[in-house]
Amino acid sequence: MATAVTIQPERRVDLTPQATLPPPERRETVFDIRGLTARYGGVPAISDVSMEIYENLVTAVIGPSGCGKSTFIRCLNRMNDLVPAFRAEGEILYHGLDLHGPGIDPVAVRRRIGMVFQKPNPFPKSIYDNVAFGLRALGMKDGLDGRVEHALTQAALWDEVKGRLKMSALELSGGQQQRLCIARAIAVEPDVVLLDEPASALDPIATSSIEDLMHELKRDYTFVIVTHNMQQAARVADMTAFFSLSPAGEDGRRSGMLVEYDATQKIFTTPADRRTEDYVTGRFG
Amino acid sequence: MATTSPSLARAAELRRRGRFHPGDAALHGVTLVAALGAVALLALIAWKVVDQARPAMHRFGLHFLVSNTWDPGIHQVFGAAAFIFGTAVTSLGALLIAGPLSIAIALFLTELAPRWLRGPIGTLVEMLAAVPSVVVGLWGILVMGPFVANHLEPWLKHTFGFLPLFGGDPSIFGLLPAILVLTIMITPIVSSVSRELFLGVPQDLKEGALALGTTRWEMIRGVVLPYARSGIAAALILGLGRAVGEAIAVTQVIGGNVAIHWSLFRPGDTLASRIASQYQGATTKLQVGSIAYLATILLVFSLLANVAAQAIVRKVARRQPVIR
Ligand SMILES: Nc1ncnc2c1ncn2[C@@H]1O[C@H](COP(=O)(O)OP(=O)(O)OP(=O)(O)O)[C@@H](O)[C@H]1O
Ligand SMILES: [Mg+2]
């Protein structure tokens with residue numbers, strides 16, 4: 001690994017041209033993350049992460065296992081509040097407001113910033129009730145049927161389930177369940193949808209339908225997606241953040257850190273950091 | 001030949017080995033005997049009870065179930081109606097209080113209480129189940145009875161006196177103290193079973209609900225309770241079985257009386273308490289038979305409750321969500 005290696009063209013990831021990426025001055029900042037350090041029981045999982053996430057773009061978070069990708073995006077909607085030993089330092093400004101600041105209601109935060117998980121987690125209820133669940137809880141009951149249909153259509157699931165909305169969601173296939181979870185998340189009209197490896201349990205066809213869906217929906221939403229799959233990051237993301245583990249500190253601990261954050265095109269073709277290059281070309285060791 | 005004979009030998013070894021394992025056979029034998037023994041014991045008990053009850057069954061038939069008399073004197077007329085009534089009122093009453101209370105305790109212990117408090121409180125609640133029922137009954141007489149007679153019942157009468165349930169004179173012994181004692185006895189069971197059920201609700205379902213911006217209560221109502229619903233039903237039936245069968249503590253506080261009335265303040269008797277209080281003094285074959293007849297009713301009910309609870313549990317076990 002010591003010698004400089006030029007990237008072999010055939011080893012590169014296919015890049016779909018990201019014609020949609022606006023120049024920096026036209027990007028609207030949704031999250032402004034400043035010096036975020038997140039700890040579990042005092043042990044930092046990510047240290048000093050600073051980056052901005054932009055509106056109506058897809059931002060991918062990639063990096064080796066255990067580098068704190070899940071920890072990072074679970075900070076963005078305060079999902080980590082549920083972990084008792086969790087503590088965060090630094091600021092996460094959401095449209096200028098610090099999410100961990102005093103007087104911020106985590107329920108209201110999650111209402112604006114939805115989340116889709118790695119394993120499809122439909123409720124053991126009917127398809128309809130899965131989508132209607134959040135709507136009912138949030139009092140968005142006017143035109144419930146229409147809202148459910150709209151969300152399922154947006155999630156590219158409507159045609160497959162329209163005749164059997166009363167069927168248990170657990171009888172759907174994994175890919176359908178995951179699209180149902182996306183429908184459930186967007187039904188309540190959030191601003192941001194966080195996805196933590198949403199396709200890792202799915203086959204390539206289901207995966208590509210979810211990627212298409214993100215392309216479609218990013219006009220209305222801001223997406224942050226964690227993925228292990230670099231092809232996927234290259235295909236769907238406008239911006240890509242590469243996380244890695246820092247070298248062991250004096251206590252011998254390694255924690256996650258942000259190595260490089262840039263336009264996806266740049267990260268996958270001409271990364272500025274050597275570690276990024278090693279990772280995206282598959283030479284990560 | 002050189003290539004086949006070792007493999008042949010190895011195959012033969014397999015055959016020899018597979019023939020007999022003394023350890024397995026012994027295990028099989030012992031467990032089989034134990035299992036059959038349990039079944040035989042149950043059958044034996046049931047048969048013995050029914051056999052004892054035969055004189056009363058011959059004399060009174062099914063009329064026993066609706067007859068509201070218990071006259072061990074010269075007339076020798078017996079009936080179970082008052083005790084069936086007392087059993088129904090006290091156990092349903094206890095269930096009505098213990099059900100919501102237990103669910104609340106279980107929710108508190110799994111979802112709401114600060115983590116450091118969950119272990120100690122959970123243990124304390126379960127220790128309540130370990131208190132011998134005769135001790136609960138004694139406490140019922142010495143502490144709860146006076147409280148009920150001097151404070152609770154007067155207050156109930158004052159506030160809800162227009163209901164026949166709370167009419168009559170406050171008393172240390174009666175249906176209400178029995179209900180309260182039974183509540184204390186079944187709450188630990190129902191709450192610890194419910195707690196297990198709530199702990200079994202997958203974390204990702206709860207996170208899924210919270211990620212939609214629901215409050216903790218909405219999450220509990222929408223995900224946790226529906227997920228645990230049939231399990232809770234089974235726990236309640238188990239609690240009911242326990243309440244129906246409880247004899248000692250109830251006997252200590254219920255007062256003993258053959259009557260069907262609406263006042264919870266007045267004394268009564270349950271099937272179990274009547275059996276416990278009368279068996280020693282039974283003189284005639286017919287009276288012993290009648291007591292055994294009460295026991296038969298109790299046995300049938302308990303078995304039914306148990307079977308129902310198990311059927312529900314089995315249904316729940318099958319319903320575990322599968323991700324495909
Ligand atoms: N609930 C938790 N309690 C304690 N430590 C945790 C918890 N969740 C994560 N960690 C630790 O934080 C570090 C980062 O974990 P995280 O799940 O964020 O990594 P990741 O990048 O998402 O990994 P993967 O790609 O395998 O999903 C790990 O060392 C992990 O052990
Ligand atoms: Mg992860």
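S9(A), which covers residues 239–245, is mostly covered, with six of its seven residues buried; buried here means under 20% relative accessible area, exposed over 50%, and partly exposed in between, with a 1.4 Å probe and protein chains only.

S9(A) also pairs with strand S3 (residues 58–62) of chain A, in the parallel sense and over four bridges, and in this pairing Thr59(A) stands opposite Met239(A) of S9(A).

## Basis and confidence of the model

This is a predicted model, in which local features need pLDDT of at least 70 and side-chain atom pairs count only at pLDDT 80 or more, while totals for chains, interfaces and linings use all residues. Residues are numbered from 1 along each chain as its sequence is written, chains are lettered from A and ligands numbered from 1 in the order in which they are written, and side-chain values use heavy atoms, with hydrogens and water left out.

The model scores ipTM 0.85 and pTM 0.80. Chain B averages a pLDDT of 88, with 94% of the residues scoring at least 70; pLDDT is the predictor's confidence in each residue, from 0 to 100. Among the elements of chain B, the lowest mean pLDDT (69) belongs to helix H1 (residues 4–17) of chain B, and the highest (93) to helix H3 (residues 81–112) of chain B.

Strand S7 (residues 192–196) of chain A pairs with S8(A) in the parallel sense over five bridges, with Val192(A) opposite Thr222(A) in S8(A).

Because five of the five residues of strand S8 (residues 222–226) of chain A are buried, S8(A) is largely enclosed by the rest of the structure. Both of its faces are covered, with Thr222(A), Val224(A) and Val226(A) buried on one side and Phe223(A) and Ile225(A) buried on the other.

Asp238(A) is found in the loop between helix H8 (230–236) and S9 of chain A, and counts as buried because its relative accessibility is 0%. A polar atom of the side chain of Asp238(A) lies 2.7 Å from the backbone nitrogen of Val58(A).

The residues around ligand 1 are Tyr40(A), Ala45(A), Ser65(A), Gly66(A), Cys67(A), Gly68(A), Lys69(A), Ser70(A), Thr71(A), Val83(A), Glu197(A) and His228(A), a residue being near a molecule if one of its heavy atoms lies within 4 Å of it. By class, this shell has four nonpolar, six polar and two charged residues. A polar side-chain atom of Ser65(A) lies 2.4 Å from an oxygen atom of ligand 1, an N or O atom in the side chain of Tyr40(A) is 3.5 Å from a nitrogen atom of the ligand, and an N or O atom in the side chain of Lys69(A) is 2.7 Å from an oxygen atom of ligand 1. Taken alone, ligand 1 exposes 630 Å², and the protein buries 58% of that.

Helix H1 (residues 69–76) of chain A gives the most to the shell around ligand 1, with three residues. H1(A) is itself mostly covered, as seven of its eight residues are buried, namely Lys69(A), Thr71(A), Phe72(A), Ile73(A), Arg74(A), Cys75(A) and Leu76(A). H1(A) is followed by Arg78(A), whose phi is positive, near 60°.

## Buried helical residues in chain B

Because seven of the eight residues of helix H7 (residues 203–210) of chain B are buried, H7(B) is largely enclosed by the rest of the structure. The buried residues in H7(B) are Asp204(B), Leu205(B), Lys206(B), Glu207(B), Gly208(B), Ala209(B) and Leu210(B).

Ile232(B) is found in helix H8 (residues 216–245) of chain B and, at 8% relative accessibility, counts as buried. Ile232(B) and His75(B) are 157 residues apart in sequence and, C-alpha to C-alpha, 47 Å apart in space.

Terms used: Helix = DSSP H or I, 4+ residues; strand = E, 2+ residues; numbered from the N terminus. Polar contact = N/O pair within 3.5 Å; in protein donor to acceptor, adjacent residues only side chain to side chain. Areas by Shrake-Rupley, 256 points an atom, 1.4 Å probe, with all protein chains shown as cover. Nonpolar A, V, L, I, M, F, W, Y, C, P; charged D, E, K, R; others polar. Pairing = 2+ DSSP bridges.
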